[in-house]
Amino acid sequence: MKLKTRKGREIELGPDKLASLRARLQGPVLLPGDVGYEESRTVWNGMIDKRPSIVARCLGSADVTVCVHFARENDLLLCIKGGGHNIAGLATADGALMLDMSLMRGVWVDKQGKIAHAQAGCLLGDVDRETQMHGLAAVLGFVSLTGITGLTLGGGFGYLTRRWGWTADNVAGMDVVTADARLVRASIDENADLFWGLRGGGGNFGVVTGIDYNLYPVGPEIVGGLVAWPGSEAPGVLELYRTLAENAPPELTLVAMLRLAPPAPWIPKDWHGKLIVGLLACYTGKPGEGEKLVAPIKSFGNPIGDVLVRRPYAQLQSLLDATQPKGRRYYWKSEYLSSIEPELCAKIIEDAANIRSPHSAIALFQIGGALNRLDQDYSPAGNRDAKYVLNIPGSWERADEDKANIDWVRETWNDLKRFSTGGTYINFLTEDEGPERTGLALGKALQRLAEVKKRWDPENMFCTNRNIKPA
């Protein structure tokens, strides 16, 4: 069996060594052609099509430790898959030994201590389901099928970010298998340098097998959902968004988006495929107060659809899932913004008129609040001047549509990026974006991250990521 080394050289792995790996693992080992291999090796973004030589479906930290030791002693390229939702496909690599963590999905909630311990293969929905049983929530993202580990290692933001900061700001501790195959604890009190590096610095320093999240009282009932208007009303709707967002309390998060109307049951059929503008709101305080705050949205203009209502928080967390199914082709560009300027809104409307795919969009996600109050170097996630995320999510079905859709995303990004803070979200960087963009995402944290890398992974064992070389 042929595999690749970390430096890209091809080597032969004998059947005795493979048998030894199988014997030491509790989870299954899959090879090309085995049942389950294709499901394990594929990731969310259909543009990424890579074939690891071996897939180890780990069942716990002991399996991960065995695999890291095996990769080290045989000089194998190693990749790690949690939810597989990263747009650049960092979970997979040709010829590698893949650690597929997707069987590790246990969640344990300490209600009194307000902590959730989640295994590394969990999706956001797994954590939300367990924590909401206690009226608690972790600060996670906004698509329930996203893996928690990649989200957290890249910073992470969602509907609760305005109240409590980046996802990475709300981690109490992590269990980590290091490059020398040791299981260690990373927290403010143990291996604090490693803990700092993992909270937004990417998957450069070890294999995270479990995360402890601080929990907060949220729901179960909140006020959330979407209101949509004809695209012709976009100037007024975006101005409404701009003014409401500037004055919104931290319990209220607002998202604006322009796209072609999907065939959703709450949108009239004669609007399907036509340009619409929508505002998505999430209020996680007292529902009665939330209804008052979103009333100006519900009463504005002439909406064609309105599903902004009281609902369970976990339901809102999955509201956008249908817009991002596994296997579709994705190409995104994103920037952080410090404000929403009228000129930006005008440009967004202009660029949205040229959308090439019924699945693509331009979105503004509000994040300002708690993250702005922490020091810039509190965690590598940084970007403490960011108050909004501008995202241009291109999405389409067929390979022969790649060029037209990628061109639209790039053209739109080039038109809008002058409004950026200069920073960008590392989890939204695509496969073709290099070290310069990684530098814009991590900023001054890069040097300190290189020092953390030198201590914990001096030989760059973990390199199939937004890689930071040892100092």
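Residues are numbered from 1 along each chain as its sequence is written, and side-chain values use heavy atoms, with hydrogens and water left out. Because the model is predicted, local features need pLDDT of at least 70 and side-chain atom pairs count only at pLDDT 80 or more, while totals for chains, interfaces and linings use all residues.

Start with the charged pairs. The structure holds 36 salt bridges. A salt bridge here is a side-chain nitrogen of Lys or Arg within 4 Å of a carboxyl oxygen of Asp or Glu. R455 pairs with D193 in this way, and their closest N and O atoms are 3.1 Å apart. Helices are DSSP runs of H or I with at least four residues, strands are runs of E with at least two, and both are numbered from the N terminus. R455 counts as exposed, at 54% relative accessibility. D193 is partly exposed, at 23%. The scale is simple: buried means under 20% relative accessible area, exposed means over 50%, and partly exposed lies in between (1.4 Å probe, protein chains only).

E246 forms a salt bridge with R242, with 3.5 Å between the closest N and O atoms. Both residues belong to helix α8 (residues 234–247). They are four residues apart, about one turn of the helix. E246 is exposed, with a relative accessible area of 51%. R242 is buried, at 17%.

E291 forms a salt bridge with R310, and the closest N and O atoms are 2.9 Å apart. E291 lies in helix α9 (residues 287–298) and R310 in strand β18 (residues 309–312), so the pair ties together parts 19 residues apart in sequence. E291 is partly exposed, with a relative accessible area of 37%. R310 is partly exposed too, at 39%.

Some salt bridges share partners, and these join R6, R72, D75 and E459 into one network. E459 lies in the segment after α14. At 48% relative accessibility, E459 counts as partly exposed. E459 touches R6 and R72, leaving aside residues up to four places away in sequence. Contact means heavy atoms within 4.5 Å. The C-alpha atoms of E459 and A322 are separated by 41 Å, and these residues are 137 residues apart along the chain.

Now turn to D402. This residue is in helix α12 (residues 402–416). D402 counts as buried, at 15% relative accessibility. Its neighbours in contact are M47, R329 and W396, not counting residues up to four places away in sequence. The side chain of D402 also makes a polar contact with the side chain of R329, at 2.8 Å. A polar contact is a pair of N or O atoms within 3.5 Å; within protein, one must be able to donate a hydrogen and the other to accept it, and residues adjacent in sequence count only if both atoms are side-chain atoms.

Residues that line the largest cavity include G154, W166, Y336, N383 and L442. By class, the lining has seven nonpolar, four polar and no charged residues.

Notes
1 Å grid on protein atoms, 1.4 Å probe; cavity = no way out; pocket = protein on both sides within 12 Å on 5 of 7 lines; lining within 4 Å. Nonpolar A, V, L, I, M, F, W, Y, C, P; charged D, E, K, R; others polar.
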